[in-house]
Amino acid sequence: MNKLGFGMMRLPLNDINNPKDICKEKSIELVDAFLESGCNYFDTAYIYNKGQSEKIIGEILVDRHPRESFILTDKMPCMLINRNEDYDTIFNKQLERTHTNYFDNYFLHAFGKMYYEETKKYNGFDWLNNKLKEGKVRHLGFSYHDDAETLDRILTEHPEFELVQLQINYADWNHPTIQSRLNYEVCVKHDKKVIVMGPLKGGSLVNLPDDVLELLNKKQPCFSCEAAYRMTAVSLGLRFAGGLKNVQIVLSGMSDLKQLKDNIRILENVRALTEEEKTLLSDAVQMFNAKKTIPCTSCKYCVGGCPKQIQIPEYFGLYNTQYIFGMGDNYIQNALNISGGKPSECIKCGKCDSICPQKLPVCEYMEKVSKLFE
């Protein structure tokens, strides 16, 4: 079985500044190639691409391929639930958008301590179990961004969940707040299958800084050219996640055919990392941690709730690139052309801090970004 799953959040765009403007023709090419390879797991969510991810799935996947030929996962946005009736309203809209009458897997999105209490308050668990009985959902799960102690409590009190989606990559494996390893171990304890998100940390583990590449060059001769080092970096990241015993699927947001084909090859009968490779990655993590960059994965959860419509992940990405590589004045000037609000317009309302899966002090980082670019 190939462990690769298609994360439908980073589809090719006609306009890179407009996440709703998905390129249908290129997306069809990717979906068809993915299915032809024997892979069949697709992941979307209500908020991806401001609702367009679900819609494009209906058009290019559900309408064009037999429903039993693929596995479709969708998610209930916990952050948008204010009463019990919201569950049906959103769920029915998801069915309508995706042109299907059931989801193979259905997850609570960005679940954790706060939303656990709210889900109980709004009888969300009863609602989920009813959808399971009705056949509109085949398997239950949740994507998770919180501590291992809370995860253990959730799985103990609600054994009906079969799947847990975790952020797992070698850079975050022992992170004190993300707790990738600890959360994974809780899933193993409860015998739950794990779906991996962020195996390359939003691309950060592909575009490696020079000193990390120099380290890898000493150990990996195939790092002799850019194409080779990128391929090896992708391979190390995907194999780290895919080689874990309880991992069923490793999600990747793929936006071109080369990415897709490379990932399929790596995760086909995935080979676990050797002890030498594990040591190499551990050394690389120490070098990452020594750099004072912003560990943003560009999930864009923070953008939708920003009252000033600041494109926060774009500015963080530009900040990191400038900080590590020193791109010069022209680069900084180009950064000021990003649509939406500017970093200096941040009013520190805290909405971004509360929703960030990486637990980043977003408002604090915005001050650093503002000083650099403005």
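This is a predicted model: local features need pLDDT of at least 70, side-chain atom pairs count only at pLDDT 80 or more; totals for chains, interfaces and linings use all residues.
Residues are numbered from 1 along each chain as its sequence is written, and side-chain values use heavy atoms, with hydrogens and water left out. Helix and strand names follow DSSP runs numbered from the N terminus (helices are H or I with at least four residues, strands are E with at least two).

**Stop 1: strand E3**

Select residues 71–77, which form strand E3. Six of its seven residues are buried, so E3 is largely enclosed by the rest of the structure. Here, buried means under 20% relative accessible area, exposed means over 50%, and partly exposed is in between (1.4 Å probe, protein chains only).

Strands count as paired if DSSP finds at least two bridges between them. Look for Phe42 opposite Leu72. To get from E2 to E3, the chain passes through helix H2 (residues 52–62) in a right-handed β-α-β crossover. Right-handed means that, with the strands pointing away from you, the path from the first strand over the helix to the second runs clockwise.

Next, show strand E4 (residues 103–111), parallel to E3 and joined to it by five bridges. Lys75 faces Phe107 across this pairing. With helix H3 (residues 85–98), E3 and E4 make a right-handed β-α-β unit.

**Stop 2**

What does Met76 contact, leaving aside neighbours within four places in sequence? The list is Ile81, Tyr87, Ile90, Phe91, Gln94, Tyr106, Phe107, Leu108, His109 and Trp127, where contact means heavy atoms within 4.5 Å.

Met76 also belongs to the largest nonpolar core, which has 86 residues. Such a core is a set of buried Ala, Val, Leu, Ile, Met, Phe, Trp, Tyr and Cys residues joined through side-chain atoms within 4.5 Å. Phe6, Phe42, Met76, Leu108, Phe111, Phe142 and Ile168 touch the most other members. Helix H9 (residues 226–242) gives this core its largest share, six residues. Another core, of 22 residues, lies apart from it and includes Tyr319, Leu360, Met366 and Phe373.

**Stop 3: helix H5**

Select residues 124–134 for helix H5, where Gly124, Phe125, Trp127, Leu128 and Lys131 are buried. Look down the axis of H5: the buried residues fall within an arc of 160°, so they line one face of the helix. That arc is taken from the directions from the helix axis to the C-beta atoms. These residues pack against E3, H3, E4, helix H4 (113–121) and E5.

**Stop 4: Asp147**

Jump to Asp147, in the loop between strand E5 (137–144) and helix H6 (148–157). Is Asp147 buried or exposed? At 16% relative accessibility, it counts as buried. Its side chain reaches the backbone nitrogen of Thr150 at 2.8 Å. Not counting residues up to four places away in sequence, Asp147 touches Lys113, Gln179 and Asn183.

**Stop 5: strand E7**

Finish at residues 193–197, strand E7, where four of the five residues are buried. Strand E6 (residues 163–167) pairs with E7 in the parallel sense over five bridges, with Leu166 opposite Val196. Turn to strand E8 (residues 247–252), which also pairs with E7 in the parallel sense, over three bridges. There, Val196 stands opposite Val250.

Key
A polar contact is a pair of N or O atoms within 3.5 Å; within protein, one must be able to donate a hydrogen and the other to accept it, and residues adjacent in sequence count only if both atoms are side-chain atoms.
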